[in-house]
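Have a look at the sequence and the model, then read on.

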Amino acid sequence: MPPRRLLLHLWLIAALSACMPVAAAVAPAPLPSATSTLTPFRPLEETPTPFEEPTHSPEPPPTATSTASPAPLPTAASLPAEVELDPANWHNWPVLPVVTQMARLIYQFGQSQGNDPHAFSVLGDCQSEPKVFMGPFETDAALREGLPLPLQETVAWFTGSFNRDAPTIRGGTTTGAVLWAAWHQNAYTCTIYETPLACELRIHKPSFVIIHVGTHYENNTDLYMRMILDELIAAGVVPILASKGDNRETDEAVNLSYAALAVAYDIPFWNFWATLSSLENRGLYTRADVPLQGDLYLTYEALAIHRLSALQALDAVWRAVTAP
């Protein structure tokens, strides 16, 4: 094996093994087997680099809607009783994830490894930063108290995860950036030998991860996402893979790819794209200071839907995998 390949291979082994803490007092549960659904791991040929330099947090969108009055979303009861999860038909998938036995097995394995049942993490770009995403559930009492009681219970259960900064949340984040050690800039106690993902798994020990990257796509987005999913499942962390609201790539290839991966890995899929159909221009606008990026930033109304539907997705997956 060439020296570069050998070093990279050893790095990958170290990164994957570093995120599997073993609970001393608990006998490990068997790692879930999914040979019929999991796609074999494919090693990286090159060190991943982000598609572009990080962008600033989004400026105030042109129209504002109070965070205390989020727009209503489809509920589980209003969704079709049976949904054909064909990736080619991802536009018509339900907003809330279809949770299978695989997610339950991943969760159970993670609990045997010491993952925190009260913790979740987010992989995302500037529109996943706490202040514009899920942080207000901890900082805005009116917003929190206006939620249905089951969602208030979910916020209480996961308090401490909504409003925290993390090495996996930063403007311009791509799938490759999550696997690139330099991306965390040695902050959050991350070391130069850790990827942002490995660091987040070590310091927060989440049981769930909401994966909301793809706006800043790159050539190897699909390959890097497979690596992210492999690492999360090996650590017993339930991935919640999300569609994105924009179509920066013009052919919706990223959302199609993510839907296909959700089926291949048998993991929950939060169809955020489907929540925006009733909004003007699908709740997207172009920032004046970066006109070439196009319509990819969310208006206040879209941000409220973004926040609420993410909480609903987390609630649905958490309750499904922990049900007796």
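Which residue in β2 is the bridge partner of V122? The partner is I210. This is a predicted model, where local features need pLDDT of at least 70 and side-chain atom pairs count only at pLDDT 80 or more, while totals for chains, interfaces and linings use all residues. Residues are numbered from 1 along each chain as its sequence is written, and side-chain values use heavy atoms, with hydrogens and water left out.

**The overall picture**

Helices here are DSSP runs of H or I with at least four residues, strands are runs of E with at least two, and the numbering starts at the N terminus. Of the chain's 324 residues, 52% are buried, meaning under 20% relative accessible area; exposed means over 50% and partly exposed in between, with a 1.4 Å probe and protein chains only. Contact means heavy atoms within 4.5 Å. Among contacts with a separation of 6 or more, 79% are between residues 24 or more positions apart.

**The sheet**

An open sheet of 4 strands runs in the order β1-β2-β3-β4, with parallel pairing. At its edges are β1 and β4 (269–270), each with a single partner strand, so one side of each has no neighbour in the sheet. Two strands pair if DSSP finds at least two bridges between them. Strand β1 (residues 120–124) is joined to β2 (residues 208–212) by 5 bridges. Over at β4, 2 bridges link that strand to β3 (residues 238–242), and L241 stands opposite F269.

How many of the residues of β1 are buried? The count is 5 of 5. In a regular strand the side chains alternate between the two faces of the sheet. In β1, F120, V122 and G124 lie on one side and S121 and L123 on the other, and all of them are buried.

Helix α8 (residues 221–234) lies across β1, β2 and β3, running at about 170° to β2. I233 is part of α8, and it counts as buried because its relative accessibility is 8%. The C-alpha atoms of I233 and G110 are separated by 8.5 Å, although the two residues are 123 residues apart along the chain.

**Two helices meeting α10**

Axes are lines fitted to C-alpha atoms, for helices over the stretch in contact, and angles run from 0 to 180 degrees between N-to-C directions. Here are two helices that meet α10 (residues 300–322):

| Helix | Axes come within | Crossing angle |
|---|---|---|
| α2 (residues 101–112) | 9 Å | roughly 75° |
| α5 (residues 149–157) | 10 Å | roughly 80° |

How do these angles read in words? Under 35 degrees counts as roughly parallel, over 145 as roughly antiparallel, 65 to 115 as roughly perpendicular and the rest as oblique. For α2 and α10, which cross at roughly 75°, that makes α2 roughly perpendicular to α10. Their contact is made by A103, R104 and Y107 of α2 with A320, V321 and T322 of α10. By class, this contact has 4 nonpolar, 1 polar and 1 charged residues. For these classes, Ala, Val, Leu, Ile, Met, Phe, Trp, Tyr, Cys and Pro count as nonpolar, Asp, Glu, Lys and Arg as charged, and the others, Gly among them, as polar.

Turning to α5, its axis crosses that of α10 at roughly 80°, and that makes α5 roughly perpendicular to α10. P150, L151, E153, T154, V155 and W157 in α5 meet L308, L311, Q312, D315, W318 and R319 in α10. The residues of this contact divide into 7 nonpolar, 2 polar and 3 charged.

**A proline in a loop**

P97 sits in the loop between α1 (3–17) and α2. Is P97 buried or exposed? P97 counts as buried, because its relative accessibility is 10%. Leaving out residues up to four places away in sequence, P97 touches I240, P268, F269, W270, A313, A316 and V317. P97 and D315 are 218 residues apart in sequence, and 10.0 Å apart in space, C-alpha to C-alpha.

**The cysteines**

A disulfide is a pair of cysteine sulfur atoms within 2.5 Å, and by this rule the count comes to 1. C190 and C199 form the disulfide, with their sulfur atoms 2.0 Å apart. The torsion about their S-S bond is about -85°, so the disulfide is left-handed. Both cysteines, C190 and C199, are buried. C126 also counts as buried, because its relative accessibility is 1%.
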